[in-house]
Amino acid sequence: MTLYCATSNAGKLREFRLAGQRFGIDVMEMPGLQEIPPCDETGRTFKANAILKATYYGQQAPGLLFADDSGLEVDTLGGAPGVVSARYAGPGASDAQNNALLLGNMRGRENRRARFVCVIALANRGEMIRTFRGIVEGEILDEARGAEGFGYDPLFYYAPYQKSFGEASVEEKMAVSHRGRALTAMFRYLSDSPQRHKAAK
Ligand code: IMP
């Protein structure tokens with residue numbers, strides 16, 4: 001089956017496709033996504049933004065479509081950057097700029113606890129079906145490690161692996177990550193009922 005996603009983030013797309021392969025699901029960027037004016041992500045939660053995106057883009061998708069909203073929550077920063085993770089250092093900020101701001105804000109702080117959160121919203125031609133949530137706990141390093149992944153990965157230390165997500169392979173990361181967990185929940189949900197597959201054909 002084919003499942004459309006509403007992202008042009010190459011890092012996310014790579015992870016979506018990899019996770020889909022395990023379930024025999026072909027994840028594809030929604031046709032024409034680049035021509036559609038971007039959805040305003042005005043929600044105050046990951047869930048609200050994921051729903052906004054799935055219903056907005058889903059109306060123009062030829063079948064089942066999902067959208068994710070994700071980000072990093074750092075305890076000592078009161079949950080920042082949170083829903084503004086992609087634009088922490090300002091609109092259009094690069095990963096390097098966001099990471100530099102985070103490192104600066106974390107300087108001298110003892111509590112390094114943080115988590116990545118991902119909410120995926122699944123819609124059928126713009127009608128919401130369900131949301132799925134995934135979380136992974138970790139710590140913020142005091143310098144970047146590794147060049148794998150994207151976003152804040154080089155600053156996110158995952159103790160069970162004794163490495164940062166920037167040092168983990170995409171397979172290792174997806175086995176435990178917020179996105180991997182949310183996706184697995186959605187793929188299981190879809191696999192549980194052949195009826196749900198039909199909408200995607
Ligand atoms: P979104 O596209 O609005 O969901 O923004 C997500 C932002 O959160 C990304 O641009 C990254 O800055 C950050 N983020 C989300 N997931 C990850 C991840 O798996 N690794 C690193 N950064 C992430």
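This dialogue covers the cysteines and the strand pairing of a predicted model.

Reader: What should I know about the numbering and the model?

Author: Residues are numbered from 1 along each chain as its sequence is written, and side-chain values use heavy atoms, with hydrogens and water left out. The model is predicted, so local features need pLDDT of at least 70 and side-chain atom pairs count only at pLDDT 80 or more, while totals for chains, interfaces and linings use all residues.

Reader: How many disulfides does the structure hold?

Author: A disulfide is a covalent bond between the sulfur atoms of two cysteines. The cut-off used here is a pair of cysteine sulfur atoms within 2.5 Å. The structure holds zero disulfides. For C39, the nearest cysteine sulfur is that of C5, 15 Å away. For C118, the nearest is also that of C5, at 12 Å.

Reader: Is C118 buried or exposed?

Author: Buried means under 20% relative accessible area, exposed over 50%, and partly exposed in between (1.4 Å probe, protein chains only). C118 is buried, at 0%. C39 is buried as well, at 12%.

Reader: Which strands does β5 pair with?

Author: Strands are DSSP runs (E, at least two residues), numbered from the N terminus, and two of them pair if DSSP finds at least two bridges between them. Strand β5 (residues 127–140) runs antiparallel to β4 (residues 113–124), joined by 12 bridges; there, R113 has E139 as its bridge partner. Two bridges join β5 to the antiparallel strand β6 (residues 156–158), where F156 is the partner of I140.

Reader: What lies between β4 and β5 in their hairpin?

Author: Two residues separate the strands, and R125 takes a positive phi near 50°.

Definitions and conventions
Helix = DSSP H or I, 4+ residues; strand = E, 2+ residues; numbered from the N terminus.
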